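Hi everyone, thanks for coming. Let me put the structure up, and then I'll walk you through one chain and one interface.

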Amino acid sequence: MIARLHADARAIPILLALVGVCGIVASSNATFVQAATYAGIYAIAAIGLSLLLGSVNQISLGQAAFFGIGAYAVAYLTTSANWSYWPALVVGVVLAAFFGVVIGFIALRFHGHYLAMATLAFNLICVGIFHQWKLIGGAVGINNIPFAQLGPIRIAGTPAFWFAWIAAAIVALLSLRLLRGRMGYAFEAIRNDELAAEVTGVPTRRCKIVAFTYAGALAGLSGAMYVAVIGLMAPDIPGVGLTVDLLLMVVLGGMGSVSGAIIGACFIGFLSITGHSFDNWREVAYGVVVIAVVVAAPGGLFGLIRGRARTRATDGAPAPRIESAMAPLVLHSNELPLVVSGVTKRFGGLIAVDAVSFALEYGTLTSLIGPNGAGKTTLFNAMSGIGRVNTGTIRIAGTPVTGWAPHRIARLGVGRTFQNARLFDEMTVLENVVASVLALTRVNERAANDRARETLARLGLEHLSTTYAMHLPFGERRRVELARAIAADPWLLLVDEPAAGLNARERTTLQQDLLAIRGRGVTILLIEHDMKLVMSISDRVMVLQFGKMIADGTAGVIRNDPLVAAAYLGIAS
Amino acid sequence: MLQLIVAGLTVGSGYALVALGLHIILRATRIINFAQGEFLIVGGLFALTFVEVLHVNVWIALLGSTACGFILGLVFERLILRPASRCSEIALTIVTIGALYILLYGHALVPLWGSSPHPLPAFSGEGADSFAFGGASIPYQSLWVFLLLALALAVMYAFFERTYFGKAIRAAANNPIGARLTGIDVTQTRAISVAISIALCAFGGTIIGPITLVGGAGGTAIAIKGFVGAIVGGFESPVGCVVGGLLVGIVEKLLEGKFEYGLADPLVYSLLLVTLLVRPQGLFASRVGVRD
């Protein structure tokens, strides 16, 4: 489990127990029971929003619309259509989830503020439709919605309290379960660095849609429960006010944590029931508090309780490298690992890569060199699915991958590192590697952990396992990124300027690492400026200049090529 | 038809100024200010205060309200935007929603202002005075709105294109580090940008006030319609923002004329989704790959 979730996992049972005790002790206090019932119902919607905001970094200002969809479905079906409550509830949740999928797809095209505005517009459009649609009561809404019936129990008053909180408890535990596993690692990776997540095998688009669907379904459930308890539904209930209330709950409690959403819902839920005599003042106070929390305590109330994330700086002596005793990779195909033919990539009028063609042999280490701006990284991006090429094809082990998303290419067995070492900063070193193993293989979390540890040990990085990536010095960031790239046993590895910024000792280690990886049968393509390194380890060197391949051969040949000398030294040839 | 278009251009002037204000703040701080519409409301209320409490001429009230908007903008930047400037994009969005709440519910607490809208005296003659033109009856105030909008835009253009300080603001918005290296005080230019943006809103709230009434809870809707205008016209282009805002006003009034009252707003909001999906850079911005 991701370290960030430990506190959450501990806090949830305590919180729920606390709520239960309050419910028993104060069961005769009608106001309390009512306020606590709504708090439980709101908590469900807030948990969904919290995952969306805090776990996949997607803002939605349309949560109230999903609430409204769930609520209206139940309201209509249980009155005009004479359905009983439970099937209506299921329909409400499914309908809200469906709209979650739709908004999820729309959300793929927007970022940040734009997404916020687009979802807000969705909210307002829904409220407008609720107002106009005569079938669901138009501006008046729907009244006399019957209470839900569970066997002989009528769900109102105290039973409603238990109904709300048992549902909230189930949702809380379900959400925690979702975050604990493969999906949790994927979400956390996306939150940290979307591009790096994609390249390490996380299907970021699918994850975002899942998160939107889940958040939509939970908001729909919340609405479906709300109408049965309150007995009426009006078009303004799921307005922007409710959206902001939900947002407040999540921000106040702590974005991304389930317990935070519960704490926030309790706070706001109680204030909205008991604070009517302070209208206007209460909302002004909300405004002030939310700004203060975001600026001064981004972790929210839960963050304050939990304290600062445990971070351990680099400690202990570096562990010795464990020499690889692993069997060489078995090649499952007799195609060449990488064939690039006629690839051209333009940015506006600039031709970054100009009709480049080459093929790599299995188990070789090829270096791609060339002056800055020669198009080396652009070519790498094309191979790993970042940005479309204008013409040409790329085949990986015989499979044409043009137009593929990076995570699909990664899943073929292609590892990659970035020039600027893109780690998941708020995850530990071990979690960085585990996230990739889980995304790329079918192994369970325990096996992924073992595999990640073993990979770290092979690179002599085991002592850093529990260090957060953001605390690593630059050289070690690169090596952790390399570990992440090879942990799922890729057979093609793209390494972008691994030696830049490393000292002499680190360069020696890097050289050993690369040779060891090649020794296992991995085909490596290396972009590098360090000529000593390039010339000493490469089986073959390719030179790129202004997007064109100007030389290709063994180190010895390249060293004496007059064109290459001209490209590097600026001598007219 | 002409009647509706004039009415649309009148409210659209408000949206246009909100859109332009959003553009200026976005350029300077990378923030989209969800509270922008509230400043339009509060600006109208400033003018109301000048007229009702200080009994000054409505022209003085316009100047006063614009000046108050400028000062409020400085306060807003210093107390809310600047402390939050290091936060993530999501956090910034939330911060401006917090500001929206403070302004929306805070203005209702002020004795004279309250939570219901008030009439504001027209700039010439009686509020309802209008003249017939091409079969439509056009309020004189609408003419004042167009004239004053044009004046405000001319002043903005002159300021940003012709003065040293205006150029410094644009430089700082384009490349804060580069601007800092050439000796521009980026913190200051940011504050001034926000203040100008808010002053524009206060100005807009005052000029359309005699027609739309001032005060009330319509600020969020105005902010979103201003945003729709900015998106439709193109967020990166000031001209696009203004034209987009006017366009949204016209579309809104035409739809109101055609359908029931409540249906126009949702349709206007769907314009936002449609534009974002079909032409995310807007009608006027030509830059490809704009992404924020």
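Helices here are DSSP runs of H or I with at least four residues, strands are runs of E with at least two, and both are numbered from the N terminus. This is a predicted model, where local features need pLDDT of at least 70, side-chain atom pairs count only at pLDDT 80 or more, and totals for chains, interfaces and linings use all residues. Residues are numbered from 1 along each chain as its sequence is written, and chains are lettered from A and ligands numbered from 1 in the order in which they are written.

So, chain B. Read from the N terminus, its elements go α-α-α-α-β-β-α-α-α-α-α-α-α, which comes to 11 helices and 2 strands. Along the principal axes, the C-alpha atoms of chain B fill a box of roughly 55 × 45 × 35 Å. Of its 292 residues, 52% are buried, meaning that 20 or more other C-beta atoms, placed from the backbone, lie within 10 Å of the residue's own.

Now, contacts: two residues count if their C-beta atoms, placed from the backbone, lie within 7 Å. Among contacts in chain B between residues at least 6 apart in sequence, 74% join residues at least 24 apart.

And how many residues does each chain bring to the contact between A and B? Chain A gives 36 residues and chain B gives 35 residues. On the chain A side, helix H5 (112-132), helix H10 (240-253) and helix H12 (281-296) each supply at least two residues. H5(A) has the largest share, with 14 residues.

Thanks, happy to chat!

Definitions and conventions. A residue is buried if 20 or more other C-beta atoms lie within 10 Å of its own, exposed if 12 or fewer, and partly exposed in between; C-beta atoms are placed from the backbone.
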